[in-house]
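Me: I have a model open on my screen and would like to learn how to read it. Could you take me through it, one feature at a time?

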Amino acid sequence: MARLARAEVFSPDEVAIVHVMNRVVRRCFLLGTDSLTGKNYDHRKGWIENLLKRYAACFGIDLLGFAILSNHFHLILRSRPDVVATWDNAEVARRWLLLCPIRKDDCGNPLEPNQAELDFIQNDARKRELIRLRLSDIGWWMRLLCQTVAMRANHEDREIGRFWQNRFREVRLLDEAALVACAAYVDLNPIRAAMADRLETSDYTSVQRRLQAQQPRSASRETTKPSDASTAEKNQSRCSASKPGDTPKEHPSSVDQFLARLPLEEREGKTGPVANRTGARCSDKGFLPMTQEDYLRLLRWTAKQLPREQRSRTSPQLKEVLGKLDLNTNTWLSLVRKFGRLFYNVAGRPQTIELTRSRIGQHRHYVRRETREVFS
């Protein structure tokens, strides 16, 4: 079945939560250890994470979760045109010029735009509104991310041609069950791939950053692996320290500041845009119908079940969490294990998918037989 155009699935002028994934070409592990040459490219994972921090600070998009593996990466993004609407023209111009700078310093990092550069965008109404739309466009986030990494990697390898697949994969998340399952699927990717055995050692994942933020400063120094800082970044510490959004010597309490908050606190009155004022991320709005403690507890239990056929006992707290999502343990584990194979353009319960139509052509979305079996 041909994949729908992205405009049929989501648009930058509406709030949408989307799971995106992209994979490298040429050889299998261009973000890890290359078995053909024996070279290790783990430092490229650091490139991607640093760009995620920069984009989270500039785009009108919330970064809900991420996982960077040896040959692909996963992101969960939420477009926020409602937050972009609160920015004045100068702020829109400033953010865009930090993403696509006219001037750079000696290390290639964007310089703060001057008034003439800001006026060039502010005084052109058509350009200004186009850029305002791009700032909440997930397609532009992925375009800049993939292009920047590809150019830098090709330069390092002295190669030309494609670095990523032709088109990144995107799946819109329609309900809470799909969102929580996708978040767990992304955070548990290294464990499912046998690259780690627990959350704390799952390098380059959002859950590892959230756990590091909970640790005291001394403990964080002991548990942080040398791989978290690439060899290239160590050799060029002066340059990497000046990158917008990069914090090479971050305090543990700030290592997850570029990530969206976990608990959705609308019942406490935190509704609307809830724009972030520190500049580290787009907004302070959460996205999960549970506390961070419950989510981490659910992840730890799920991680123990992934490699085995027999399940361990489910605690009453976890049963309550899954009960709020109207999921049993069998359905939950199937969703986390096979999320990438269960859904096509949109993800959710079969009845939710069937009631959803594409944005422009009003096409029905396909529900796979295996998906129906999992929810039945």
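Me: Let me start with one side chain: with which side chain does the side chain of arginine 167 make a polar contact?

Reply: Some ground rules come with it: this is a predicted model, where local features need pLDDT of at least 70 and side-chain atom pairs count only at pLDDT 80 or more, while totals for chains, interfaces and linings use all residues. Residues are numbered from 1 along each chain as its sequence is written, and side-chain values use heavy atoms, with hydrogens and water left out. A polar contact is a pair of N or O atoms within 3.5 Å; within protein, one must be able to donate a hydrogen and the other to accept it, and residues adjacent in sequence count only if both atoms are side-chain atoms. Here, the partner of arginine 167 is the side chain of glutamate 170, at 3.2 Å.

Me: Which residues does arginine 167 touch?

Reply: Contact means heavy atoms within 4.5 Å. Not counting residues up to four places away in sequence, arginine 167 touches Arg3, Leu4, Ala5, Arg6 and Asn22. Asparagine 22 is 145 residues from arginine 167 in sequence, yet their C-alpha atoms are 7.6 Å apart.

Me: What does the whole chain look like in numbers?

Reply: The chain has 18 helices and 5 strands. Of its 376 residues, 53% are buried. Among contacts with a separation of 6 or more, 72% join residues 24 or more positions apart.

Me: In what order do the strands of the sheet lie?

Reply: To read a sheet, look for pairing: two strands pair if DSSP finds at least two bridges between them. This gives an open sheet of 5 strands in the order β2-β3-β1-β4-β5, with mixed pairing. β2 (61-68) and β5 are at the edges with a single partner strand each, so one side of each lacks a neighbour in the sheet.

Me: How does β4 pair with the strands beside it?

Reply: With β1 (residues 17-23), β4 pairs in the antiparallel sense over 4 bridges; one of the bridge pairs is methionine 21 with arginine 169. With β5 (residues 346-347), β4 runs parallel, joined by 2 bridges, and leucine 173 has alanine 347 as its bridge partner.

Me: Why is β4 called largely enclosed?

Reply: Because 5 of the 5 residues of β4 (residues 169-173) are buried, the strand is largely enclosed by the rest of the structure. Arg169, Val171 and Leu173 point one way, Glu170 and Arg172 the other, and all are buried.

Me: Which residue stands opposite serine 79?

Reply: It is isoleucine 61. Serine 79 belongs to β3 (residues 72-79), which pairs with β2 in the antiparallel sense over 7 bridges. Serine 79 is buried, at 2% relative accessibility. A polar atom of its side chain lies 2.8 Å from the backbone oxygen of glutamate 14.

Me: How many disulfides are there?

Reply: A disulfide is a pair of cysteine sulfur atoms within 2.5 Å. The search of the whole structure finds 0. For cysteine 100, the nearest cysteine sulfur is that of cysteine 58, 9.9 Å away. Cysteine 100 is partly exposed at 26%, whereas cysteine 282 is buried at 3%.

Me: Which residues with positive phi can I look at?

Reply: Tyrosine 204 has phi near 60 degrees, a positive value in a residue other than glycine, and valine 274 has phi near 50 degrees. Tyrosine 204 is in the loop between α9 (189-192) and α10 and is buried at 2%. Valine 274 is in the loop between α13 (237-240) and α14 (292-305) and is partly exposed at 23%.

Note on methods: Buried means under 20% relative accessible area, exposed over 50%, partly exposed in between (1.4 Å probe, protein chains only).
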